[in-house]
Amino acid sequence: MRGAELDGFDPKWQNVPHYINGITSEIWEERQIGTLKKYYADGLIVRSPASIVQGNDGIIAATMATLAEFPDRQLPGEDVIWSAAPGGFLSSHRLICTATHTGAGAYGAPTGRTLTYRILADCYCSRNAVQDEWLVRDQAAIVLQMGGDIKSWTRSQIAREGGPDHCVPPFTPALDVDGPYQGQGNDHESGAALAALLERMMQADFSAIPACYDRAATLHYPGHVTAYGHGGADRFWLPLRASFPSARFTIHHRIGRDDPGLPPRAAVRWSLDGLHDGWGRFGKPTGVPVHVMGITHAEFGANGLRREWSLIDETAIWRQILLQTGVV
């Protein structure tokens, strides 16, 4: 049944997940790239850890370039966790992508490798179009599955883009542009529980892991890593926080939902801002300022968090470190 959140949208869309998965399929899999002018607003702002892009022309060009490099790319939607917003809704979309690297492009000469990786994207949709977007792609998974090393590949990418003075600057709050969406989600208990769990870990209270995670939890992390249980969560979250121990942790958006046939779910968008001043996931401390954009999805069961998907873009973090240290 259509709800008020789809007022003003094409009547062919039955509900929010149908709309989000439908326009993704039309654009990417059905090659209706021109519909970006319909489904993406003229002034759309897309923020990813690697860059910030405003307007449709750059997005259309990037879409064609990606499809030329990965012509068989498929983007099945795993879930859409959403909340109502003024004039529409905010969706947090999780996709599992498959593609074969058969064309030359941003990832270099064709390798013929078949890839599997995830994308998490928050989109504010209103007036039958995406108006504002925050997107995190598992770039580490792409690089590793093509046989590369994350740090070395990032250094090579900077060179391919013309070197430190000409390459695309990674996204930081200083580059951000105010968009039309200023909401913070909803007050559902699952969103509040996930936000509180992340806050505890970012305050170095890692006892939150055995307290809040199911011992048999299945966990999906950058690099297309699948881990399990308390140890798996600890091995991701502690080294990440250890790399930036003095950084400010901020929750920007949270959603919780209950839907028929699905467990309670949550989506949280968050960031770390501060110095690379600790040993951890990113090696020897350099002391340079770094911005980390992250999105986490979770499902809850009788024994706590039972499934988690968390993404950061490790190549964008290394790009910030390399550019500021001059080790390029």
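How do the residues lining the second largest cavity divide by class into nonpolar, polar and charged? The lining of that cavity has six nonpolar, two polar and one charged residues. The model is predicted, and two cavities of 30 Å³ or more are counted in it.

**Second largest cavity**

- The volume of the second largest cavity is about 40 Å³.
- Its lining consists of P49, F171, H291, V292, M293, D313, A316, I317 and Q320.
- Aspartate counts as charged, so D313 is the charged residue in the lining of the second largest cavity.
- Histidine and glutamine fall among the polar residues under the class rule, so H291 and Q320 make up the two polar residues of this lining.

**Largest cavity**

- The largest cavity has a volume of about 60 Å³.
- The residues that line the largest cavity are R118, L120, D138, H220, Y221, H224, W309, S310 and L311.
- By class, this lining holds four nonpolar, three polar and two charged residues.
- Arginine and aspartate count as charged, so R118 and D138 are the two charged residues of the lining of the largest cavity.
- At least two lining residues come from each of strand 5, strand 7 (213-221) and strand 12 (304-311).
- Strand 12 supplies the largest share of the lining of the largest cavity, with three residues.

**Strand 6 and its partners**

- Strand 6 spans residues 129-137, and eight of its nine residues are buried.
- Strand 1 (residues 40-48) pairs with strand 6 in the parallel sense, over four bridges.
- Within the pairing of strand 1 and strand 6, Y40 stands opposite V130.
- Strand 5 (residues 114-126) runs antiparallel to strand 6, and eight bridges join the two.
- In strand 6, W134 has D122 standing opposite.

**Hairpin of strand 5 and strand 6**

- Two residues lie between strand 5 and strand 6 in their hairpin.
- In this hairpin R127 takes a positive phi near 55°.

Notes:
Residues numbered from 1 in each chain as written. Predicted model: local features only at pLDDT ≥ 70, side-chain atom pairs only at ≥ 80, totals over all residues. Heavy atoms only, no water. Buried < 20%, exposed > 50% of the residue type's maximum accessible area, 1.4 Å probe, protein only. Pairing = 2+ DSSP bridges. 1 Å grid on protein atoms, 1.4 Å probe; cavity = no way out; pocket = protein on both sides within 12 Å on 5 of 7 lines; lining within 4 Å. Points joined across faces, edges and corners; volume = space filled by probe spheres on them.
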